[in-house]
Amino acid sequence: MKKVIYSILALSLFFTWGCKKGYLDINQNPNQPTSAQPEQILPTALNNTAGRWTHREMGAFWMGQWAPSGSVSGFTAEKTYNPASNYRTAIWSGIYDNLKDYDFVEKEAEKSGKDALRGIAKIMKVYNYQILVDTYGNVPYTEALQGTDVIRPTYDKAEDIYDDFIVQLDTAIALLKKPESSINVFPRSSDIVFGGDATKWVKFANTMKIKVLLRHANNSAKAAYIQTNVDNIVAEGSGFITENVLSNPGYLQSDGKLNQFWATYFKDAAGTNVTAVSFYAVGAYFKTMLDGRETIGEYRGRGGFYSATASLEGVTLGQLDAPLYANCSKFNEEGLFLCQSFNQDSYLMSAAESFFLQAEAAERGYLADDAQMLYNKGVEASFVENYIPGGYTGAASDAAAYVSNGEEVSDYADAPDKIELIITQKYIAGFGHGAFEAWCDYRRTGFPNPTALDGTGDIFYSPQSIFGKSIPARLLYPSTEEQTNSANALAEGITNVHTQKLFWAK
Amino acid sequence: MDRDQSFYWLVINSAANIPLNSYRNWKPLKNADGSLNYANPNNYYNDYYNNPWFYLDNNRLDRTDDFLTANAELNYKVAPWLNATYRIATTNQSTFSKAYSDKFDYSSWATDSVGRSVAKDYAGYVRDVSSNSTRISQDLFLTAKKKWTNFSVLGIVGMNLFDNSTKYSSVAATGLVIPGLFNVNNRIGEAVVDEENTKTRRVGVFGDVTIGFKDYLFLHASGRNDWDSRLAKENNSFFYPSVDLSFVLSDAIGALKDNKTLTYAKLTAAATKVGNVNLGAYNLETVFNGGAGFPYGDLAGFSVGNTQYDPKLKPEFTTSYEFGIELGFLERLNLELAYYTQKTTDQTVNIAISNSTGFTGAVINTGQVDNSGFEATLRGTVLKTENFRWDVSMNYAYRDNKVASLYQGLDEIALSNVDADGTIAAIAGEQYPALKVSSYKRDPQGRVIVDPVTGYPIEATGFTNVGQTNPKHLVGIQTSFSYKGFSLSALAEYRAGNVIYHATGHNLVFTGVAEVTAMYNRERFVFPNSVTEVTDTNGNVIDYQPNTNIAVQDGGLGFWDDHFDGVGENFVTSGAFWKLREVNLTYTLPESFLEKSKIFKGASVSFIGRNLLMLLPKANKYTDPELSTTTGNAQGANNIFNTPPTRMYGFNVTLNF
């Protein structure tokens, strides 16, 4: 019997060992952090936003700024003007992924009383949501970004989201104007855009506001709303951004750490051209327009936007006999504006875009400033940044000459349609990094029109288009939404990217 | 994984008239006679895809695994009826691997050639991994055995400790300096480093009792409680019992005892619950990953992880009820029949969720899947003489299942998005797992609607459920003959009742090697059995008109690549197959022959052939339906990364000393 008792004792000892405190308490992740400070998230989020190119590339194709060279097949969706539900879904997935980071920053900053940081997160949420709305129309907004708490977010009306943008930007401005304190610590190194300069963020927010408001320009019912909010911007007093809004985390010459444009369209860390280099050419529409407007060899086109060799051709999207890359006019070549160095800054918005937005608001009567003066500043900003790199100092005087040369396509005083002039110069100034905005401007104003016929009988819209001259007005919801949020996605009834236009479209 | 890194992909991108085997020796730029060596990447004919041999030689993985296993068992007879046992088993696995590819610089002639997009220098790559895992399992239990005249009791009570730890670290370089030196120190750019450690533990306490009555009635019951470190404290303890009864009729009932025809009869019934934690370590909290490109020098950056984890995850349970009968006839024939129903709840799965939630996936406990089915096995000896024997065994299983409910009342859960045109999903009320694919838009009669201008078929919005991917019917036939020292056995299997998504088909169509793409000689054609929509003045569809004359705009790339390739239903076939899985011929040397040698006690030699024959339905022109992109739940799809099925021949020599 003793032995029986001993063996039972041994078993219970073993049991006690197994149940000793902490034996099972080993599930703390030793590999990845499970909590983070908002300042550690902000740089990733900003770098992601500024380095996103898929929506810009799409805009550049449709707006005739870029075209696939004859050295690559594919790009069928672009060439046929027929984007399906699996087309560039990274615009949707990438932006929501990015938004989740800003949302985290916003919420954590609110918890810890970091008002400035919270304001920055709000501005960047609007910046990203606006790309989503301008691409897809109605999208999940109020119920979005809540994980499995709301596993099937409903879609908000695009117009309601737009109205909330103004509310969010106003809140952001109020937060950013609060004084710095031991609690409201301004982000410094983690703010890879403005280094924690709250005033610049407020100016950027004001510029974002006018960008949002001008989308309503076609809607006369919104005129009073636009005026009230423009008046609010003026009353706020900080004004608009007058410099390029740029992001740079401190790019390094190492794979994965290069400037995203550089790494996607140009070279890898070893300095070798990436495969995709040969996929792209300058659009024939853009090249023809610029060659016609600006004396060959001067100003921004040759040497700035694209290579100086005059014999190289621009390509039309879908051109059936598109020249091979070597014979194309290129934008991704050493020293051009878009390819200056592996650590060049990434754009969120250019100073030129800010001036052209203001010029449009003034021309439409919402701003009391002189529209021509703002237009001239926009052109000057574009000349200064896009001029043939190499320390040329005559950009400002060349710009001054250009805007007073008496030509309809550059001199404000002589332009028959001021809005067309402003939007077209904005289109030129935003070559590449502003191409998505150009697609929005085209859908809103009809300017500039890459589907218009040229005098020589050339066409600049895709000859492979199965929808004639109709550039897509939106994208379909991505197929992943049909799979994971089908009831809400299908309820929107979006099946035609040409006829189902966005609420602000012309 | 990039498909350009698949050997198979490079092979199918070589035109059919290219004698690939003559491109084996790619290293020299020129042949011995001074002519250009066209196998060399600089001279290879294809502008877009490399010589597959070059790829094969230049992407290598060397790997060494060391295993150390040890077991020890201590038994102690406490009393004549009571035994104590302690067991410890440990397995240690150390793995070292080095994946590498050499740098290769193309000649400037190749890189400057217009349109030669393949001519991109290889920067070289090396990744050195070392990992180690240790599992230790310990059991301590008491076994009590007692027999009375009519009754016997066997009782076990004990405990199990299970401990698993892993360590993984890797260093990699994405650009090399000196060719052929595969060491991370020989790099340009920053090294890519990674480290991961895991530790999990489980404690189990169990009891098990079997009561027998007169050797023909047995009642068995067990219970076990586990505590698992992978779950939160509130959920980490779970209990699961089982009970079963077996009754040997042929021994119990007097009338059956000496029956010459029915020689054996047994009835069984069982109710079982099994609990399981199907989760890795640290899967309860959402993590922050290093942001893309970060750190940049001293600037750190993180990003909220894309998978949302639920801290309240629970173990999954399967409860099943089974009834069975086993009958033996004439000492020659044996029949087993079984029926079961099964309910699985709280399966832990990684599901895809809408990007607009801020995440791409979530690990959750999903609802309930009900299974039921029956199995029948018939075994018999057909012929038996002194020297010759022929045995046959046949079994058939029918499996049915249904998703009873899903997480948060979802209609469906995507288990795996195979590609842009196909998804494996769990759909409420449907069989599991279900295959959903993109499809053509059809009129009510099922005819495909084409665009009246282009003649191209129109794609329907949303995906269509085309059926389940697990086979419903499983048949197995095994037979063996033996004659003196020779024995010949064969195993054949049939499975059916499921569909398969051949994602590989997209690649075959894209490259133009798919047979279907040549159906119309790459000429324009009218899409068969198609219609166009007839609309009223308001643009509403009022009727459909058969399409007899609108040919597709382009019968080449335009149709096959742009309008056929992107429609998932074109790549769905029945998953049925007959397979001759194995044939085995063995000769055993007679003992009399071996006796003389005094060394060997037994010797045999076998010839084995595996996967010898596969019969597929005509529609399945692609591949073995058992190939899969995953070992997980989302069965039913293959892709370009699957190695094509292989036939295997071998032989075995067995010597006993």
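Against which elements of chain A do the buried residues of H7(A) pack? In this predicted model, the buried residues of helix H7 pack against H6, strand S3 (155–156), H8 and helix H9 (223–236), which belong to chain A. Helix H7 itself covers residues 158–176 of chain A and has 19 residues. From its first C-alpha to its last it reaches 27 Å, close to the 27 Å expected at 1.5 Å a residue. The buried positions of H7(A) are Ala158(A), Ile161(A), Tyr162(A), Phe165(A), Ile166(A), Gln168(A), Leu169(A), Ala172(A), Ile173(A), Leu175(A) and Leu176(A).

Helix H8 of chain A, one of the elements against which H7(A) packs, covers residues 198–214. At 1.5 Å a residue, its 17 residues should span 24 Å, and its end C-alpha atoms are 24 Å apart, which agrees. Of these 17 residues, 15 are buried, so H8(A) is largely enclosed by the rest of the structure. A residue counts as buried here if 20 or more other C-beta atoms lie within 10 Å of its own. Leaving aside residues up to four places away in sequence, Ala205(A) touches Ile123(A), Leu169(A), Ala172(A) and Ile173(A).

In soluble globular proteins, nonpolar side chains tend to be buried together. The largest nonpolar core has 156 residues. Within this core, the residues with the most contacts are Val105(A), Ile123(A), Leu169(A), Trp201(A) and Ala205(A). Helix H6 of chain A, residues 115–136, gives the most to this core, with 13 residues. There is also a second, separate core of 34 residues, which includes Ile151(A) together with Ile351(B), Ile364(B) and Leu435(B).

Chain A as a whole contains 19 helices and six strands. Of its 506 residues, 54% count as buried. The C-alpha atoms of chain A fill a box of roughly 115 × 55 × 50 Å, taken along the principal axes. For 506 residues, a compact globule would have a radius of gyration near 23 Å; the value for chain A is 26 Å, which agrees. Among contacts in chain A between residues at least 6 apart in sequence, 73% join residues at least 24 apart.

Chain B has eight helices and 32 strands. Of the 657 residues of chain B, 25% count as buried. The C-alpha trace of chain B spans about 95 × 70 × 65 Å along its principal axes. When contacts in chain B are taken between residues at least 6 apart in sequence, 65% of them join residues at least 24 apart.

Among the sheets of chain B is an open one of three strands, in the order S21-S26-S27, with mixed pairing. Its edge strands are S21 (448–449) and S27 (541–546) of chain B, each of which pairs on one side only. S21(B) runs parallel to strand S26 (residues 530–535) of chain B, and two bridges join them. In this pairing, Val448(B) stands opposite Ser530(B) in S26(B).

Another open sheet of three strands in chain B has the order S28-S25-S31, and its pairing is mixed. Here the edge strands are S28 (572–574) and S31 (637–638) of chain B, each pairing on one side only. Strand S25 (residues 499–502) of chain B is joined to S31(B) by two bridges, and the two run parallel. Tyr501(B) has Ala637(B) in S31(B) as its bridge partner.

One helical position in chain B can be described in the same terms. Leu256(B) is found in helix H5 (residues 254–257) of chain B. With 15 other C-beta atoms within 10 Å, Leu256(B) is partly exposed. Leu256(B) touches Leu249(B), Ser250(B), Leu262(B) and Ala265(B), not counting residues up to four places away in sequence.

The two chains also meet at an interface, where 76 residues of chain B are in contact with 76 residues of chain A. Strand S5 (residues 192–213) of chain B gives the most to the side of chain B that touches chain A, with six residues. By class, this side of chain B has 36 nonpolar, 29 polar and 11 charged residues.

How values were computed: Residues are numbered from 1 along each chain as its sequence is written. Chains are lettered from A and ligands numbered from 1 in the order in which they are written. This is a predicted model: local features need pLDDT of at least 70, side-chain atom pairs count only at pLDDT 80 or more; totals for chains, interfaces and linings use all residues. Two residues are in contact if their C-beta atoms, placed from the backbone, lie within 7 Å. Helices (H or I, at least four residues) and strands (E, at least two) are DSSP runs, numbered from the N terminus. Ala, Val, Leu, Ile, Met, Phe, Trp, Tyr, Cys and Pro count as nonpolar, Asp, Glu, Lys and Arg as charged, and the others, Gly among them, as polar. Two strands pair if DSSP finds at least two bridges between them. A nonpolar core is a set of buried Ala, Val, Leu, Ile, Met, Phe, Trp, Tyr and Cys residues joined through C-beta atoms within 7 Å. A residue is buried if 20 or more other C-beta atoms lie within 10 Å of its own, exposed if 12 or fewer, and partly exposed in between; C-beta atoms are placed from the backbone. The expected span of a helix is 1.5 Å times one less than its number of residues. The radius of gyration is taken over C-alpha atoms; the globule rule is 2.2 Å times the number of residues to the power 0.38.
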